[in-house]
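Please look over the structure below with the notes that follow, which take its pockets and its charged pairs in turn.

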Amino acid sequence: MVSWSDDSEESGYEYSSGGSPIKIPAIIEDPNYSGVDDEVMVMCEHGQPAKRHVCFEGISTGRRFIACGLDEASSCGVVHWVDEEWPKHLQNALHKLWLLYEDCQRANRMACLEHSSLVHNLTSQKNKLQETYEKLVEDVNNLLDTQDNIPKENEVQQGEHEEITPPLDNNISALKEQLGAMDAENKELKQKVDQLKSIQVAQGNVIRNLKFAHLKEKGKLSTERRNLEFHIADLVKASDKNKRKLKDIKDICDEE
């Protein structure tokens, strides 16, 4: 995967060579493992000191690696993985977590699209109802002004006025009924908007709960990883101890 040139001992740096570059995965900020690796002093194919990162993508989430420090367009990719691949059971758990996360993201995007479309439609309906309502109010005001300006000079005009007034009253009553219907529609539209707001708040709570569950599961995996590292360290110590015992037995046998 990665090999080192023979000139590294003289210069104090190790250079990556050979093979096609590995694309740098998504990373997560870790103040305890970042910047240039001064201990290993690894150089990328550009001759620049490699930088330390922590992977945050797929089954390699949490693995440390050293990569080219240039921007994405010029980067030669991953230079060296510091941590070995995780055990199969841990890889399976990480894979399932990422699938759940992607499903949640996809569902959230679809819900947002549906919500935006519904809000747009309701807003259009509200604007149309508002225009109709304003037009009806204007018509009513015009009719009332017309009714107030009818002259009352004599009995003939009074009779004519009495003949004209009933149609005007009928029109006013019809307009009032239409205004009442418009008010009812506005109230219903407002209730729908309030329901949409409640749905949006509920979606936000669900997303926060999913994020919390993801962080909790991630902490659990970190604990299992630390326990696994402690177990490996104990096994290495036990192995070294057994080797020393075997060496002592061999030395005793050689003396006899």
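1. A residue is called buried when its relative accessible area is under 20%, exposed when that area is over 50%, and partly exposed in between, with a 1.4 Å probe and the protein chains only. By this rule Asp83 is buried, because its relative accessible area is 10%. The model is a predicted one, in which local features need pLDDT of at least 70 and side-chain atom pairs count only at pLDDT 80 or more, whereas totals for chains, interfaces and linings use all residues. Residues are numbered from 1 along each chain as its sequence is written, and side-chain values use heavy atoms, with hydrogens and water left out.

2. Asp83 sits in the loop between β7 and α2, where helices (H or I, at least four residues) and strands (E, at least two) are DSSP runs numbered from the N terminus. Leaving aside residues up to four places away in sequence, Asp83 touches Gly62, Arg63, Arg64 and Arg225, a contact being heavy atoms within 4.5 Å. A polar atom of the Asp83 side chain also lies 2.8 Å from the backbone nitrogen of Arg64.

3. Side chains of opposite charge can pair when their charged atoms come close. The structure holds three salt bridges, each being a side-chain nitrogen of Lys or Arg within 4 Å of a carboxyl oxygen of Asp or Glu. One of them joins Asp83 to Arg64, with the closest N and O atoms 2.9 Å apart. Because Asp83 lies in the loop between β7 (78-81) and α2 while Arg64 lies in strand β6 (residues 64-67), this pair ties together parts that are 19 residues apart in sequence. Arg64 is partly exposed, with a relative accessible area of 29%.

4. Asp103 is partly exposed at 40% relative accessibility, and Arg106 is partly exposed at 44%. Lys135 and Asp139 meet at 3.1 Å, N to O, and these two lie four residues apart in helix α2, about one turn of the helix. Lys135 is partly exposed, with a relative accessible area of 45%, and Asp139 is partly exposed at 25%.

5. The largest pocket holds about 480 Å³ of space. It is lined by 23 residues, of which Thr61, Gly62, Lys218, Ser222 and Arg225 are the closest to its centre. On a 1 Å grid over the protein atoms alone, a pocket is an open set of points where a 1.4 Å probe fits, with protein on both sides within 12 Å along at least five of seven lines, and lining residues have an atom within 4 Å of a point. The volume is the space filled by probe spheres set on the points.

6. Where does the lining of the largest pocket come from? Both α2 (88-148) and α3 (155-255) supply at least two residues of this lining, and the largest share, seven residues, comes from α3. By class, the lining has eleven nonpolar, five polar and seven charged residues; Ala, Val, Leu, Ile, Met, Phe, Trp, Tyr, Cys and Pro count as nonpolar, Asp, Glu, Lys and Arg as charged, and the others, Gly among them, as polar.

7. The second largest pocket has a volume of about 390 Å³. Among its 18 lining residues, Leu100, Tyr101, Cys104, Leu210 and Lys211 are the closest to its centre. The largest share of this lining, ten residues, comes from α3, and the lining divides into twelve nonpolar, four polar and two charged residues.

Methods. Polar contact = N/O pair within 3.5 Å; in protein donor to acceptor, adjacent residues only side chain to side chain.
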